[in-house]
Amino acid sequence: MSEQIRKHKKIKRNFGDRRDGRRVKAPGLQTVMGYLLPKRTDCEVYLNDKLDATELVAYLEKRNADHPDEKATVFHCAVTGMARMVKERPLLNRFIQGYRLYERNEISISFVVKRKFADNAEESLMVLTPSDEDTLDTISRKIIGDVKETRKSEHATGGIDELLDKFAALPRFVLIPVIRIIRWLDFWGINPKVLTDGDPNYTTILCSNLGSIRCPSVYHHLNNYGTNSIMVTIGTLHKEEMIMPDGSTQLRDVIDIGATLDERIADGFYFAKSLRLMKHIFAHPEMLELPIGTPSGFDY
C-alpha cells in the first residue's frame, strides 16, 4: 500500500505545462544541456557531508520527554528540514523531462517503509506532501500514522505497490511493450495519475533512511524514469570528533548525509548554499517548530 498524505491542489495550467509542474523558461546553457545530456543519470552530482546533530539530539530529548506519546525522531526532523529547505530554495523543486524544464506545483518527499525488519519482508512506498503550515509536530504525526497503517499488513493492500505487483505478474512479451508505452507517456508528461501518484520517481526528494537499519549514507543513483531530481541518503547517528570554529576539538553527535542531484536544475553554488541551510536548521532545531512556509532569515 502507498499513501498520498495530501491530495493535489487545483492549479491553473498554461500551454506547455504538465499536470505536476509548470514550464519554466531555462537559460541557454540549461536548455542546451537538456538536449546534449537528456538522461538524468548522465548529469548526476554527488554531495557527501556530515551534519552536526548535537543540538538536535538535545532538542529531541527535551521535546520527547514533554510529548511521550508523540515522539519525533532524527528522521522526522530531517524530512521537516528538507521540506523547509526546498520551500526556501525553489530551484531544488525543478526537473527536466522531455527536454524541457519544469517547476513542481508542490513539494513532495518520498521514502520506503519496511513492513518488518526481516530479509524477506516487503517494502512499501510512501509520499509526504507538506503544506506551508506544516511543522515538525504535524509532519511527525503524519509519518508515524502512515507507517503504522502500512505495517498493519504484511503485503501491499492498494496504491502504487499493488499496481506494481500486477505489472510484475504480466508475461515478459506483454510487459516489455507496456513499459515502452509508459516511458513514452512519461516523456510527454501525459502519464495517468494512477501511474504517478504515490510513485517516488515523481517526487521532489526521494529519501532513504539508512540509519534505521544501522547503515551509513551511500551514493544512490537517480532514475531516468519519472521526474525526481534529488536522492538523499541519511546514515546512522554516531559520535565523532569534530573541529569547532575556535580550532578546538569536541566529541559531537554526527549524521552522514549523501545527496545525488541533477546538475541541470541548478548549479553547484546553489546546491552548496542549500546544504548550508540544512546545517543551520540542525544547529538551531527550534526552527522546526515554525511552519515551513515561514522564512528562516538565515544569512547565506
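Visitor: What joins the side chains of Thr204 and Asn93?
Guide: The side chains of Thr204 and Asn93 are joined by a polar contact of 2.5 Å, where a polar contact is a pair of N or O atoms within 3.5 Å, and within protein one must be able to donate a hydrogen and the other to accept it, while residues adjacent in sequence count only if both atoms are side-chain atoms. Please keep in mind that this is a predicted model, in which local features need pLDDT of at least 70 and side-chain atom pairs count only at pLDDT 80 or more, whereas totals for chains, interfaces and linings use all residues. Residues are numbered from 1 along each chain as its sequence is written, and side-chain values use heavy atoms, with hydrogens and water left out.

Visitor: How many residues apart in sequence are Thr204 and Asn93?
Guide: They are 111 residues apart in sequence, and in space their C-alpha atoms are 5.7 Å apart.

Visitor: And where does each one lie?
Guide: Thr204 lies in the loop between helix 7 (193-196) and strand 8 (205-209), and Asn93 lies in the loop between helix 3 (74-88) and strand 4. Helices (H or I, at least four residues) and strands (E, at least two) are DSSP runs, numbered from the N terminus.

Visitor: Is Thr204 buried or exposed?
Guide: Thr204 counts as buried because its relative accessibility is 1%, given that buried means under 20% relative accessible area, exposed over 50% and partly exposed in between, with a 1.4 Å probe and protein chains only. Asn93 is buried as well, with a relative accessible area of 6%.

Visitor: What does Asn93 touch, apart from residues up to four places away in sequence?
Guide: Asn93 touches Val86, Tyr102, Glu103, Arg104, Glu106, Ile107 and Thr204, where contact means heavy atoms within 4.5 Å. Thr204, leaving aside its neighbours within four places in sequence, has contacts that include Leu92, Ser108 and Asn228.

Visitor: Switching to strand 4, which of its residues are buried?
Guide: In strand 4 (residues 94-97) both faces are covered, with Arg94 and Ile96 buried on one side and Phe95 and Gln97 buried on the other.

Visitor: How many bridges join strand 4 to strand 5?
Guide: Four bridges join strand 4 to strand 5 (residues 100-104), and the two run antiparallel; strands pair if DSSP finds at least two bridges between them. Ile96 stands opposite Leu101 in strand 5, and the two strands form a hairpin with two residues between them, where Gly98 in the turn has a positive phi of about 60°.

Visitor: What about helix 6, which residues there are buried?
Guide: Ile182, Leu185 and Asp186 are the buried residues of helix 6. Seen down the axis of helix 6, the buried residues fall within an arc of 100°, so they line one face of the helix, the arc being that of the directions from the helix axis to the C-beta atoms. On the face turned away from the buried side, helix 6 carries the exposed residues Phe173, Arg180, Ile181 and Trp188.

Visitor: What comes just after helix 6?
Guide: Just after helix 6 comes Gly189, which takes a positive phi of about 70°.

Visitor: One last topic, how many disulfides are there?
Guide: The count comes to zero disulfides, a disulfide being a pair of cysteine sulfur atoms within 2.5 Å. Cys77 counts as buried at 1% relative accessibility, and Cys207 counts as buried at 2%.
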